[in-house]
Each structure stands twice: as C-alpha cells, then as structure tokens.
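I opened this notebook to keep a record of what I looked up in one protein chain.

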Amino acid sequence: MEERVYLTALGEDSHRFVSESESKALVLAGLSFPEEVGFLANSDGDIIFHALCHALASLGALDPVLGPPADRLCREEGITDSRVFLELQLSQLKDLDLDYRIHHVSISLEGKRPYLYSHLARLRAAVAEVLKLRAEQVGISATSGEALTAFGRGEGMSCRVLLSGSRLAYPEEK
C-alpha cells in the first residue's frame, strides 16, 4: 500500500484597482466581470489564480511561477491570462512525480467591491474546473473588510488560499 504525506499550503495575493477611467475588466478565477474595474497588474491580475499559484508552489516547495517567470511571459510573449500561470504551476507540481493530490481549497476574498455573493457558485465551479476537483472541494467566502484596510475601503482586493493535499511519502518518511 502506498504511504502518503498530508500537507497544507497557504497562498496570498492582492492588487489595487486601475483608475475608473481605464477600461480593464475585472478577472477572478478566470471569469471576466466587464462591468467592474480591473486590477493594476502586468497580467489580468486574477488574485484567485495568483494566490492558488503561491499555495501550489508552497505545497511542492517549488519556486513560484509568479514573479520573474510570469513577468517574462507577459513582457516577451504577451501572455497575460493568469490561467496560463496556474497551469504552469500545476505542471511543475506534476513533474515532481510524487502523485500530488489536492483534497480541498479554501479561498477568502476581501474587498469592498464588487459584491460577490451572487457569483460565489460560478467562482467555485471555475476553480474546481481548473484544478480538476468537484465544486464541493472548493470553499469560497468574501468579506467587505468593514473599511478597516485598503481593500475594505475599495482600493483593491485581497485573496488568501488555504490548500490541503497529499503526495507520496519519500522513503525516509515511511
């Protein structure tokens, strides 16, 4: 019987909104919200996919795709879709050949705007689809932050991801 090691990983990301006069749609979990102001970022600024990238890098003790690799993709290849970055991070995890499995993802969003309650099911389904999970394995909550932070005052948004997963045990862990 294969022995598995169970792990948790934390990822976080945040971005300011572009000015109201700019025409950049908000992107969350790969879904476009064209009626909302987007994020100030080289890419689409998808804070959910970015925080997931950080959590996945932590899960596998990998260098994060976000930073110089993603900046290079944006600058040199014009790739701004954060789903590409997430798929690259997932691919690096798979390349470790330790049968990494994601069991559950918890996502917490903070921001005064937009009001996301009516979109939570769509966001959950989008995350589940890209991670190849069931929607029941993805939890998403959103809070206004009650104006206590820049996010709660509507200057941008923040996302935190807690991910639980497992991998095959190294021989010395058995």
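What follows are my entries, in the order in which I made them.

**Entry 1: the fold.** I noted before anything else that this is a predicted model. I then looked up the secondary structure and found four helices and six strands in the protein chain. Reading from the N terminus on, I wrote the order of the elements down as β-β-β-α-α-α-β-α-β-β.

**Entry 2: overall dimensions.** I asked myself which radius of gyration the protein chain has, and how it stands against a compact globule. For 174 residues such a globule would have a radius near 16 Å, and the protein chain has 17 Å, so I recorded that the two agree. I also took down the extent of the C-alpha trace along its principal axes, which is about 60 × 35 × 25 Å.

**Entry 3: burial, contacts and surface.** I looked up how much of the protein chain is covered, and 46% of its 174 residues count as buried. For the contacts I considered residues at least 6 apart in sequence, and I found that 74% of these contacts join residues at least 24 apart.

**Entry 4: charges.** I looked up 18 positive and 26 negative side chains in the protein chain, and I noted that the centres of the two sets lie 3 Å apart. As a reminder to myself, side chains of opposite charge can pair when their charged atoms come close. A search of the whole structure for such pairs gave me 12 salt bridges.

**Entry 5: the pairs of R101.** Which residues does R101 meet in salt bridges? One partner is E2, with the closest N and O atoms 3.4 Å apart. I noted that this pair links distant parts of the chain, since R101 belongs to strand β4 (residues 101-110) and E2 to the segment before β1 (4-16), 99 residues apart. Another partner is D99, whose side chain meets that of R101 at 2.8 Å, N to O. I then checked the accessibility of these residues, and R101 is partly exposed at a relative accessible area of 36%. E2 is likewise partly exposed at 41%, and D99 counts as partly exposed at 34%.

Entry 6: I looked up a salt bridge between E155 and R153, in which the closest N and O atoms are 3.4 Å apart. E155 is partly exposed with a relative accessible area of 31%, and R153 is partly exposed with 45%. Turning to salt bridges that share partners, I found that they join E2, R4, D99 and R101 into one network.

**Entry 7: S144.** Where is S144 placed in the chain? I found S144 in the loop between β5 (138-143) and β6 (156-168).

Notes
Residues numbered from 1 in each chain as written. Predicted model: local features only at pLDDT ≥ 70, side-chain atom pairs only at ≥ 80, totals over all residues. Heavy atoms only, no water. Helix = DSSP H or I, 4+ residues; strand = E, 2+ residues; numbered from the N terminus. Rg over C-alpha atoms; globule rule 2.2 N^0.38 Å. Buried < 20%, exposed > 50% of the residue type's maximum accessible area, 1.4 Å probe, protein only. Contact = heavy atoms within 4.5 Å. Lys, Arg positive; Asp, Glu negative; His and termini not counted. Charge placed at Lys NZ, Arg CZ, Asp CG, Glu CD. Salt bridge = Lys/Arg side-chain N within 4 Å of Asp/Glu carboxyl O.
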